[in-house]
Amino acid sequence: MWNLCCCLSDSYVHCSASTVKQKIVMKVQFSSEKRRTEAFKIAAGFKGVSDVSVEADKDKVIVIGIGIDSVCLAKSLRNKLGYAQISSVEEVKKPDEEKKPEVIPIQWPPSCVQYPVHCDVVYL
């Protein structure tokens with residue numbers, strides 16, 4: 001299923017369609033607690049956002065979700081806060097998709113000696 005996110009600008013409409021979960025790191029200048037709260041509210045208000053975190057000591061906003069338009073997010077943050085720069089956009093991989101070591105079964109040689117099942121019982 002495709003999620004569409006549209007950003008209205010002065011002269012055009014920018015649309016983005018994505019089905020992968022992505023992590024967007026934005027560099028924003030925080031001068032007060034109020035600006036941090038505004039940045040958090042703007043990022044959390046976007047369609048498809050599943051997680052938002054603000055690192056105030058590094059001046060970063062980290063947004064994780066599906067179908068988020070990073071350019072539109074940067075424009076919205078710039079309009080409210082004055083400065084926002086896209087640091088990175090990357091795909092979030094599930095832990096199951098990580099490489100697991102391949103298990104190779106042990107192959108026993110066919111020369112193993114098999115003892116007969118039949119045995120003679122002698123009573124004295």
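## Close-up views of a predicted model

**View 1. D69 caps helix α2 at its N-terminal end.** A side-chain oxygen of D69 sits 3.4 Å from the backbone nitrogen of V71. Residues are numbered from 1 along each chain as its sequence is written, and side-chain values use heavy atoms, with hydrogens and water left out.

**View 2. Helix α2 covers residues 70-81.** Helices (H or I, at least four residues) and strands (E, at least two) are DSSP runs, numbered from the N terminus. Just after α2 comes G82, with a positive phi of about 95 degrees. The buried residues of α2 are S70, C72, L73, A74, L77 and L81. Buried means under 20% relative accessible area, exposed means over 50%, and partly exposed is in between (1.4 Å probe, protein chains only).

**View 3. S70 is a buried residue of α2.** Its relative accessible area is 15%, so S70 counts as buried. What does S70 touch, not counting residues up to four places away in sequence? The list is I24, M26, I86 and V89. Contact means heavy atoms within 4.5 Å.

**View 4. V71, I86 and V89 make a nonpolar surface patch.** Together the three have about 210 Å² of accessible area, worked out by the Shrake-Rupley method with a 1.4 Å probe; for residues, only the protein chains shown count as cover. Patches are made of residues with over 30% relative accessible area and no salt bridge; like charges are joined within 9 Å, and nonpolar side chains (Val, Leu, Ile, Met, Phe, Trp, Tyr) within 5 Å. I86 belongs to strand β6, residues 84-91, and is partly exposed because its relative accessibility is 32%.

**View 5. E33 and R36 pair up in a salt bridge.** Their side chains meet at 2.6 Å, N to O, and the structure holds one salt bridge. The term means a side-chain nitrogen of Lys or Arg within 4 Å of a carboxyl oxygen of Asp or Glu. Side chains of opposite charge can pair when their charged atoms come close. Both residues lie in helix α1 (residues 33-44), three residues apart, or about one turn of the helix. Is E33 buried or exposed? E33 is exposed, at 52% relative accessible area, whereas R36 is partly exposed at 25%.

**View 6. T37 also lies in helix α1.** A polar atom of the T37 side chain is 3.0 Å from the backbone oxygen of E33. T37 is partly exposed, with a relative accessible area of 34%. T37 and V54 are 17 residues apart in sequence, yet their C-alpha atoms are 9.0 Å apart in space.

**View 7. V52 is a buried residue of strand β4, residues 49-55.** The relative accessible area of V52 is 14%. Leaving aside neighbours within four places in sequence, V52 is in contact with F40, A43, A44, V61 and I62.

**View 8. D59 has a positive phi, near 55 degrees, without being a glycine.** Most residues other than glycine have a negative phi. D59 is found in the loop between β4 and β5 (60-66) and is partly exposed, at 23% relative accessibility.

**View 9. V20 sits in the loop between β2 (13-18) and β3 (21-28).** Setting aside residues up to four places away in sequence, V20 touches G65, I66, G67 and E91. V20 and G67 are 47 residues apart in sequence and 7.1 Å apart in space, C-alpha to C-alpha. At 36% relative accessibility, V20 counts as partly exposed.

Definitions and conventions:
This is a predicted model: local features need pLDDT of at least 70, side-chain atom pairs count only at pLDDT 80 or more; totals for chains, interfaces and linings use all residues. A polar contact is a pair of N or O atoms within 3.5 Å; within protein, one must be able to donate a hydrogen and the other to accept it, and residues adjacent in sequence count only if both atoms are side-chain atoms.
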